[in-house]
Amino acid sequence: MQSYAIISGSMEPAYPTGSLVYAEPAEGAALQAGDMAAFWRDQDVIVHRVQENVSAEGELVTKGDANDEVDIRPVPYQNVLGRVVFSVPYVGYFLIALGSTPGKLLLGWIVLMGVAFCVVGSVLSSLADRHQNES
């Protein structure tokens, strides 16, 4: 399975912005109307609902639940990444933040502080043991 963060509102209310969705590998030909598909469009991964599987053309007609019209461009089968099987609300925000430079700096700072606390705790424990042994 592969996970993807939802960064727009096109799939609300099914998948609110900030949700993390998991897609199992699936061929485009195996998807049916109503399935949630994850697919490549240009440089982005999109998650939209399949409206129609046009097997004669080897493509899917898709639509975001919050959108009024179907997507302008059908999705060729070779662009399909998989079928979305479940989601976790809000976790996508965390992953999006970790992908940014400030998020990486914050994570590095948290790790550094954790290491520092471990070192300080170890030094204090050694000092306490030495003090107790001297007594």
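This is a predicted model: local features need pLDDT of at least 70, side-chain atom pairs count only at pLDDT 80 or more; totals for chains, interfaces and linings use all residues.
Local features are taken at pLDDT of at least 70 and side-chain atom pairs only at pLDDT 80 or more, while totals for chains, interfaces and linings use all residues. Residues are numbered from 1 along each chain as its sequence is written, and side-chain values use heavy atoms, with hydrogens and water left out.

In soluble globular proteins, nonpolar side chains tend to be buried together. Here, the largest nonpolar core has ten residues, namely Tyr4, Ile6, Met11, Tyr15, Val21, Ala23, Met36, Ala38, Val47 and Val84. Strands β2 (20–24) and β3 (36–41) are the elements that give it two or more residues. A core here is a set of buried Ala, Val, Leu, Ile, Met, Phe, Trp, Tyr and Cys residues joined through side-chain atoms within 4.5 Å; strands are DSSP runs of E of at least two residues, helices runs of H or I of at least four, both numbered from the N terminus. A second, separate core has eight residues, among them Ala26, Leu31, Ala37 and Phe39. Val47 touches Ile6, Met11, Tyr15, Val21, Ala37, Ala38 and Val84, leaving aside neighbours within four places in sequence; contact means heavy atoms within 4.5 Å.

Arg41, in strand β3, counts as buried because its relative accessibility is 16%. The cut-offs are under 20% relative accessible area for buried, over 50% for exposed and partly exposed in between (1.4 Å probe, protein chains only). With neighbours within four places again set aside, Arg41 is in contact with Ile46, Thr62, Asp71, Arg73, Pro74 and Val75. Asp71 sits in the loop between β5 (59–63) and β6 (75–76) and, at 13% relative accessibility, is buried as well. Its side chain makes a 2.8 Å polar contact with that of His48 (N or O atoms within 3.5 Å; within protein, one able to donate a hydrogen and the other to accept it, with residues adjacent in sequence counted only if both atoms are side-chain atoms).

Helix α2 spans residues 101–134 and holds Val115, which is partly exposed because its relative accessibility is 48%. Gln132 also lies in helix α2 and, at 59%, counts as exposed. Between Gln132 and Gly64 there are 68 residues in sequence and 67 Å in space, C-alpha to C-alpha.
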